[in-house]
Amino acid sequence: MLIPCPHCGPRDSREFTYGGDATLQRPDPDGADDKAWCDYIYARANPMGPHEELWHHAQGCRAWIVVTRDTLTHEITGARPTARWQDPSTDSDKKEAAE
Amino acid sequence: MSSYRLPNGGLVDRSAPLSFTFDGARYSGFEGDTLASALMANGVRLVGRSFKYHRPRGMLSAGPEEPSALVTLRTGARREPNTKATMVPLYDGLVATSQNRWPSLEFDIMAANQLAGPLLSAGFYYKTFMGPTAKAWMAYEHFIRQAAGLGRATHEPDPDRYDKANVHCDVLVVGGGAAGLAAASAAASSGARVIVADENARLGGSLLTEAGRVNGQSAVAFAEQHIAALATEPGVTLMPRTAVYGYYDSNVLGAVEQIADHLPVPPTGLPRQRHWTITAGRVVLATGAIERPIVFPGNDTPGVMLAESARTYVIRYGVRPAARAVLFATHDAAYRVARDAARAGVEMAAIVDPRPAPGEGAKALADEAGIPVMAGHGVMKALGGKALNTVVVAPMDLGTGAVTGPESAIAADGLFVSGGWTPTVHLASQAGGAPVWDGKIAAFVPGAPRQAWTDAGACAGTFALSACLADGARLGALSADTLGFAAKPPPDYAVEDDLTSQSIAFVRKVKPTGRAPKAFVDLQHDVTASDVALAHREGFQSVEHLKRYTTLGMAADQGKTSNVTGLALMAEARRQDISHVGTTRFRPPYTPVSLGALAGFETGHHFYPKRRSPMDLWHRENGGDMTPVGLWDRPRAYLQDGETMTEAYVREAAAVRAGVGLVDVSTLGKIDVQGPDAATFLDRVYANGFAKLPVGKARYGLMLREDGLLFDDGTTWRLSETQYLMTTTTANAGPVMAHLEYHLDIVWPEMRVALASVTDQWAAVAIAGPQAREVLWMAIDDIDFSNDALPFMGVRQGTLDGETVWVARLSFSGELAYEVYIGAHFGLHMWQRLLEAGQPFGIIPYGLEALGTLRIEKGHVAGGELDGRTTADDLGLGRMASTKKAYIGGHMTGRPGLADDRRFQLVGVKALDDQPVRAGSHIVVEAELTEPAESLGHVTAYTYSPAVNAHIGLALVENGRARIGERHFATYPLKGHHVPVELVDPCFFDPDGERMHG
């Protein structure tokens, strides 16, 4: 089973560890109430179908990535870098500029 | 050779006789035999006793579906139970024994279970023994388990090696029979990489047992030519003896190659088996079909066998399976069995066919061989006990199963049965929808694929040989083409003797008159037709309930010969079509897989990678008693002549407090944290403040999980404005790193911080004791170790013999102590240099146990207390948590559950009667060891303390701080320990910390 790491290319899933729902937003530590924190820490949806989830390339580039996986078929349809590694001048922009 | 071996024919090498024993008796066979064919050639038909009733059993089949002929192979450490005699290639010196019989196979005392038959129906044991009280079951279970069962595994360690490998291909063909070989040739013609895997020792499948000619050659010659041509194709890998057992996501399949199972002992350097993880572009499932038995009384009598299997014994092994036989079949193709058996000299007494009008081709075959056909008849029962001697037949109505005329008895020692064919849909079901009932062939065929596979040949319900070849070629080519290859047009195949096996749905139990033996559905688990009826009567009518109530299909053969007949009987009982009853879902493995193959080489010290400190070898060579700590080995203590472990660690701990000691702490997790925002980052990561930590200082930090519970602790040193060295506990080094990366990548992507694991880059020691400073003065240049210049928690850089070292004045032991870090390659040098420098001060190396003693005396926490359930406040560290800043876990720290005064809090325990207090003991109030007792908490760590001169420990006790001074008992019922203890302050020694600040 391969996961297409956006930094390393397609790699064996055994190089990765699972990190859960990628759409969660950490509450604002200055304003959020108990419910927001409780939802962030404990409440998880159990969606059927495409799911955006975090995987950690623990035995590769060590980056966390966002993988789209169908929870019914386990098919992985894509993967993208997290915000930290989305530089405004992305690699593809540089390539286009070079060409 | 006995009269059962034919004078010629068969694919056995008569110039290579092999000797073997079964139940101690010596026999001989030929190269190319299986154990089953060799036994049959020697006239041995009784090979085992059944699971529950201890009924005599012989060979039902000649292949992987065998439910009955299970034997124990080999002896000693290689003893292997429940091997199918039909799949064991014969080798010289093979030793096999029968199973589940006592004292002997011929005379088995437990066969008395047959007399108790009505009592032993489905659910009997549970109803009888588990119903009234659980105690009854506990009393009887041992005897029941003793009486039921199959073979017994060895208790010795497996002496053989196992291998694991991965392989990728474009087209994987599972099954090397007619369809599979045709598919492989077609796919290979495109240049695609092709693998053909087959569980049998020899590729060819049914081609090896065909009497007719293919493309003008014998079927065997055709197969051989095909296989030889494939073997020369550069992109083709042929894998005989390789059972594909599981079909997983992303078109990954698991397979086990039997490399040395056909040899007495694996040759030097070769594994016994190799596990293959196969990743395929597309898969052609050419897994064939399994012949279906018919359920009638006595259908398990030795001598009753599947028809095509009887033909296999004749054609492939040159063995006569009976002297006089009856064929009981429901379809035309099975008539070939009668003809070929007759040609081999079996006297075919009759062909019994419940159909009123068999096909013309079938009749012609019977006429050609001069065999009487009893159309519209069924077999009522088979009699003979340990060997079939009589087949009772009667005219019957095909529609109702009712007997319509008088019974007649036929003397026979063989009864060849064929109720049609069941496609081998196991892998297709694992990776696809539920199998679909095809009324035209009266069989379940694969459902819709959920992975990239196609079913070909008999697996798809295509039974005629010509159609299998054409189907395989077409789908092999299509599979390659789908992947972007261009296959060449396949050749035409001309097949002689090409009757189809289209059958009728005849699996029902015929309804005999009078007394009759049991009619079996699942021969391996002794499930009878009456058990299925009982399950129906008691309401277990869904297939999943039927399976679990009767254990139908749950044995090692997973119901290969019994599933469909069981379902048909249930359908009949429910008065529904079998398509409404459906099947249970097939799950891996298709065939039993040895644990050794799954473990591969990851056993013993290869079970996980070993991490070694740079000083590892020194520890081992100097009395270090090594113990695993995560992936590391660490010395518990350095044993001197004649010392016990306790004596050693007490000596070491005392020596540290009296002078100086050195301990290897290289295993601590170390993370380099750099960047302009590093200070802010650490301030968010730790519960206590880090923003104002000055350069050249270290701080002890508490790391929380987001839910407010303690995650890890350690010191972090500020090396420069923008660089920190974080240390973690040995156990949590990996999780902490992932935790920090998570927050940088996802929560605070804007922070300019970079992380690098440097655990392996630094060798580290702690030097502790009143003389520690003096030793460092001697060994390290460029650092002023005076108390003013390097105060408690100070960090300095210096050099040791020219190499850079970092020194931090930290103390886990409560003594004046320092941690010294040096590049890993110089770790051993540093270790030896410090021991040398410390010699005048009596320095000693100390291990984990003394490290534990020193920290327990101080009440410092470690893994036993940081157990994932405790908060900072539980451990008396609540005041460290900041109230002025936001940090991970900060919000949840305030939730009510974490402020409850009934929480378990850290206390010390001191034994009152000079006995050890075992870690894991529970604190109870009862003065006598009683069960059950209410637990107030548990002991997390224990040591004998030379400084306090007492047995002491740490414990987590409910509302513990308020209980200090109370006297209770530490109880450990498993070992009968019950020790009076006093709950005390967790810091036993130097509570004001004068020693470490000195």
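**A close look at B:Asn959**

Modeller: B:Asn959 counts as partly exposed because it has 15 C-beta neighbours inside 10 Å. The cut-offs explain the label: a buried residue needs 20 or more such neighbours, and an exposed one has 12 or fewer. Keep in mind that this is a predicted model.

Where does B:Asn959 sit? Its place is in a loop of chain B, between β47 (950-958) and α24 (960-963). Set aside the neighbours within four places in sequence, and B:Asn959 is in contact with B:Asp901, B:Arg902 and B:Gln905. Take B:Gln905: it is 54 residues away from B:Asn959 along the chain, yet their C-alpha atoms are separated by 5.9 Å.

Now step back to the domains. Chain B is divided into four parts: domain 1 (13-124), domain 2 (294-418), domain 3 (671-758 + 870-894) and domain 4 (901-997). Take domains 1 and 2 of chain B. Their C-alpha centres lie 24 Å apart. Here 15 residues of domain 1 of chain B are in contact with 14 residues of domain 2 of chain B. On the domain 1 side, α1 (35-41) and β4 (56-57) of chain B each give two or more residues. α1(B) gives the most, with three residues. By class, that side of domain 1 has seven nonpolar, four polar and four charged residues.

Next, a helix pair in chain B. Helix α4 (residues 178-188) packs with helix α10 (residues 465-482) at an angle of about 35°. Their axes are 7 Å apart. The crossing of α4(B) past α10(B) is right-handed. From α4(B), the residues that meet α10(B) include B:Ala178, B:Gly180, B:Ala183 and B:Ser185. On the α10(B) side, they include B:Leu465, B:Cys468, B:Asp471 and B:Gly476. This helix contact has 14 nonpolar, five polar and one charged residues.

Last, the other chain. How many residues of chain A are in contact with chain B? There are 19, and they meet 18 residues of chain B. On the chain A side, α1 (34-41) and β4 (50-56) each supply at least two residues. That side of chain A divides into ten nonpolar, five polar and four charged residues.

Definitions and conventions
Residues numbered from 1 in each chain as written. Chains lettered and ligands numbered in written order. Predicted model: local features only at pLDDT ≥ 70, side-chain atom pairs only at ≥ 80, totals over all residues. Contact = placed C-beta atoms within 7 Å. Helix = DSSP H or I, 4+ residues; strand = E, 2+ residues; numbered from the N terminus. Nonpolar A, V, L, I, M, F, W, Y, C, P; charged D, E, K, R; others polar. Domains from an automatic or database assignment. Axes fitted to C-alpha atoms, helices over the stretch in contact; angles between N-to-C directions. Left-handed = near helix turned anticlockwise from the far one by under 90°.
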